[in-house]
Structures are given as C-alpha cells and as structure tokens.
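Here is a short tour of one protein model and its ligand. Have the sequence and the 3D view at hand as you read.

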Amino acid sequence: MKKKITVIPGDGIGPEVIKSAIKVLEAVASKFNHEFTFQYAKLGGVAIDEEGTPLPQSTIDLCKNSDGVLLGAVGGPKWDTLPGHMRPEKGLLGIRKALNLYANLRPVTAHNSLLDASTLKKEVVAGVDLMIVRELTGGLYFGQPQERRQEPDGEAVVDTLYYKKSEIERIMKQAFELARLRRKKVTSVDKANVLESSRLWREVAEAVGSEYPDVQLEHMLVDNAAMQLIRNPKQFDVVVTENMFGDILSDEASMLTGSLGMLPSASIGGEGPGLYEPIHGSAPDIAGKNLANPLATILSVAMMLRYSFQLSEEADTIETAVTKVLEAGYRTGDIALNGEQVLKTEEMTEKVIDNIQLAVTN
Ligand code: IPM
Ligand code: MN
C-alpha cells in the first residue's frame with residue numbers, strides 16, 4: 001500500500017515525538033511492505049515565527065493533498081502573550097476546522113503494567129477501556145461572537161456555545177457506530193439542567209439512539225461525569241460530548257492511564273484525511289531534552305493505520321509492541337515510579353521498534 005502522510009512536528013516536544021512516530025511508521029512499512037512518503041508542514045508557533053501566521057495556507061493545501069496528517073504539539077510560552085487570533089492554538093483549531101474533523105476519538109486504556117503509575121487505586125483503574133468522542137469543530141471553541149466589549153458600565157466579554165442540530169446528529173452517529181464495535185454503551189455527557197444547547201444535545205442523542213436499539217444510551221451531567229470518571233471509570237464505554245467538555249474530561253481521564261503522555265487521538269469525519277495527534281501539549285519545560293514519552297504519538301500512528309488506512313493488523317502490531325515494552329518494565333520519566341530506570345525518548349522508541357520487528361504476523 002502507498003500512502004502520503006503530511007507531518008506537522010509543531011513546537012516544544014512535538015518534533016521529538018514526531019521523529020519517534022516516523023521511525024515506527026518506517027519499521028511498519030518495511031515489515032509489511034508498504035510505502036509511506038512524508039511531506040512536512042508548519043503549524044503553530046514555528047509557523048508564526050517563520051511565516052507570520054499560525055496556519056499558513058500552504059499547510060492546509062499539503063494536508064488536503066495527503067492520505068493522513070500526523071501532528072506533534074503546538075504552543076509555548078514564547079507565543080503566550082500574542083492576541084487570540086495569532087496564538088499557536090488558533091492554528092490547531094484552524095486545521096481541524098479546515099479539514100472538517102468534527103469527531104475526535106480519545107481512547108483511554110489502562111495498561112496492566114502501568115496501574116501503579118496512576119494516582120488512583122489499582123482496583124479502580126484496572127480494566128479501564130473507554131473512548132471519549134469529543135465534538136471538535138463546534139461548541140464553545142468556535143461559536144461567534146467571541147470578543148471583548150466596552151459597555152457603558154465597563155468591560156465585558158462573550159464566548160458563544162452554538163450548535164446546529166445536524167452537527168450534533170453527525171457526532172452522535174459516530175459515537176453509536178463506535179459503540180457497536182465495542183461494548184455497546186453510549187454515555188452522552190451534557191449540562192442539560194442549565195444549558196439550552198445541552199437540552200438539544202440530549203434530544204438528538206435520544207433520536208439518534210432510537211436508530212441503534214442494540215446500543216444502550218444513558219445521559220450524564222458533566223459535573224457528575226467528572227466525578228464518575230475517577231469514582232468508577234469502568235462503567236464507561238463510549239462517552240460523547242461537546243467540544244470543551246470533551247477537552248476537560250479527556251485530560252482528567254488520562255490520569256487513569258498514569259500519564260497524559262500515553263493518550264493518542266484521532267480526528268476524523270471530514271471528506272479528506274484524518275488528523276492524528278497525542279492529546280498532550282508541547283511540554284516546553286522538557287523540550288529538546290530527549291525526555292518526552294513518545295508512546296502517545298506512536299499510538300496515534302496506530303490509530304492512523306486503523307482508521308484512515310484500514311490496516312488493522314499493522315495497528316495491532318504497534319499497540320501490542322507498546323504493551324510488551326511496558327510489560328518488560330521500560331519507562332520514560334512521566335510513567336516511572338521512584339527508583340525505576342528511566343529511558344530517553346529515543347531509547348523508548350527503539351524498544352517499540354524492536355518489538356515490531358520481532359512480532360509474528362499472519
Ligand atoms: C487538545 C488541546 C487543544 C484543545 C488546545 C491546544 C487548543 O488542549 O487537543 O486537547 O483545547 O483542543
Ligand atoms: Mn486539551
């Protein structure tokens with residue numbers, strides 16, 4: 001199989017974890033006889049510095065003209081004081097919107113060998129396997145107006161939570177379809193006791209749900225969901241929610257796995273390529289030091305192979321390699337316990353590649 005992949009290293013630890021992911025893709029290509037070619041694009045802080053905008057048109061064009069997009073991370077203190085429309089994060093939001101990637105899949109799986117790395121009790125996190133389906137191109141992040149105002153009695157500010165019914169319908173369908181492939185349960189998270197947008201969200205969940213009688217649907221208020229996620233996370237299978245709620249809940253859920261450095265994501269739904277990125281940020285404090293955990297990005301590559309290229313055996317091979325590396329006790333700093341040996345980014349990557357090369361395939 002031949003595939004063209006747009007690579008967006010971005011800022012901070014982005015370039016390092018991307019380098020790891022590319023090495024893994026190359027190992028998969030040679031093992032399974034695929035041909036992956038890579039074209040590089042700029043986004044975020046590096047694009048602001050070099051092209052004067054967080055999302056150059058050339059980046060959008062490159063992405064559209066490829067089979068999949070792999071992204072590291074964007075942002076950093078250097079650009080934190082820029083006005084909202086010039087921030088690195090605007091580039092990320094812009095590319096999600098430009099590619100119409102309305103469905104963000106964030107799987108949260110507790111690895112048995114990492115249970116001690118979680119701040120929660122072992123018996124709470126053992127066996128956790130849930131999928132957050134975050135709406136990604138609407139809601140509070142994109143609603144207009146979003147602005148500061150001078151009013152007669154002083155300064156004011158507005159953000160807008162806006163959804164078209166059709167936008168809620170399509171994300172619900174994604175959630176129910178995914179649930180069918182899993183344990184057939186959807187938890188729709190909203191704030192229907194307060195927000196009108198959530199009341200429509202709930203109605204649509206019911207309507208779409210009625211087309212999936214084999215899937216169980218429950219509604220949960222977002223504050224309760226935040227609590228349930230650490231009280232009894234095993235109750236969840238697929239969690240579907242608004243953009244900002246999903247942003248917050250997915251960082252919280254990452255702690256079930258021990259580290260934000262473990263969580264991959266897939267952004268899909270558009271007519272063109274999907275975008276794959278770790279959910280962690282650019283971690284400026286450890287950037288350039290070969291200390292970052294590359295596993296979230298490596299697992300994002302597995303998601304690309306599975307969801308964009310339908311290469312499920314290859315995806316399984318990467319995921320199994322990661323599990324084996326963890327079982328063998330290899331750790332980066334973020335998941336190491338006191339006294340455990342800590343591997344560098346590149347060393348961890350080599351361990352994963354060794355396991356891919358050794359894997360027995362059909
Ligand atoms: C994420 C990040 C982004 C988001 C930021 C960097 C804009 O936190 O992917 O979760 O809020 O969507
Ligand atoms: Mn986030």
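This is a predicted model: local features need pLDDT of at least 70, side-chain atom pairs count only at pLDDT 80 or more; totals for chains, interfaces and linings use all residues.

## Where the ligand sits

Which residues surround ligand 1? They are E89, L92, R96, R106, R134, Y141 and D247. Helix α4, residues 88-98, supplies the largest share of this shell, with 3 residues. Sorted by class, the shell has 5 charged residues, 2 nonpolar ones and no polar ones.

An N or O atom in the side chain of R96 lies 2.7 Å from an oxygen atom of ligand 1. For the side chain of R106, the distance from an N or O atom to a ligand 1 oxygen is 2.9 Å. The side chain of R134 also has an N or O atom 2.9 Å from an oxygen atom of ligand 1.

How much of ligand 1 does the protein cover? On its own, ligand 1 has 320 Å² of accessible area. The protein covers 79% of that area.

## Salt bridges

Side chains of opposite charge can pair when their charged atoms come close. How many salt bridges does the structure hold? The count is 23. A few of them follow.

Take R202 and D190. They form a salt bridge, and their closest N and O atoms are 2.8 Å apart. Is D190 buried or exposed? D190 has a relative accessible area of 0%, so it is buried. R202 is partly exposed, at 27% relative accessibility.

Helix α7 also holds the pair E196 and R199. These two residues are 3 apart, about one turn of the helix. Their side chains meet in a salt bridge of 2.8 Å, N to O. E196 counts as exposed because its relative accessibility is 55%, and the cut-off for exposed is over 50%. R199 is partly exposed, with a relative accessible area of 32%. Elsewhere, salt bridges that share partners join D129, R182, R183 and D237 into one network.

Another salt bridge joins the side chains of D116 and K122, at 3.7 Å from N to O. D116 is partly exposed at 47% relative accessibility. K122 is partly exposed too, with a relative accessible area of 42%.

Most residues other than glycine have a negative phi, and most peptide bonds are trans. Some places in this model depart from that pattern. Where is there a cis peptide bond? One joins Q144 and P145, with omega at about 0°. P145 lies in strand β6, residues 143-151.

Positive phi values come next. N100 is not a glycine, yet its phi is positive, at about 55°. N100 sits in the loop between α4 and β4 (103-109). Q310 is another non-glycine residue with a positive phi, near 55°. Its loop runs between α10 (295-307) and α11 (312-327). Q310 is exposed, with a relative accessible area of 60%.

Q341 is in the loop between α11 and α12 (345-358). What is the exposure class of Q341? Q341 counts as exposed, because its relative accessibility is 61%. Along the chain, Q341 and Y330 are 11 residues apart. Their C-alpha atoms are separated by 7.6 Å.

G52 lies in the loop between α2 (45-51) and α3 (57-64). G52 is partly exposed, with a relative accessible area of 43%. In sequence, G52 and M86 are 34 residues apart. In space, the two are 8.7 Å apart, C-alpha to C-alpha.

Notes:
Residues are numbered from 1 along each chain as its sequence is written. Chains are lettered from A and ligands numbered from 1 in the order in which they are written. Side-chain values use heavy atoms; hydrogens and water are left out. A residue is near a molecule or strand if one of its heavy atoms lies within 4 Å of it. A polar contact is a pair of N or O atoms within 3.5 Å; within protein, one must be able to donate a hydrogen and the other to accept it, and residues adjacent in sequence count only if both atoms are side-chain atoms. Accessible areas come from the Shrake-Rupley method with a 1.4 Å probe; for residues, only the protein chains shown count as cover. Helices (H or I, at least four residues) and strands (E, at least two) are DSSP runs, numbered from the N terminus. Ala, Val, Leu, Ile, Met, Phe, Trp, Tyr, Cys and Pro count as nonpolar, Asp, Glu, Lys and Arg as charged, and the others, Gly among them, as polar. A salt bridge is a side-chain nitrogen of Lys or Arg within 4 Å of a carboxyl oxygen of Asp or Glu. Buried means under 20% relative accessible area, exposed over 50%, partly exposed in between (1.4 Å probe, protein chains only).
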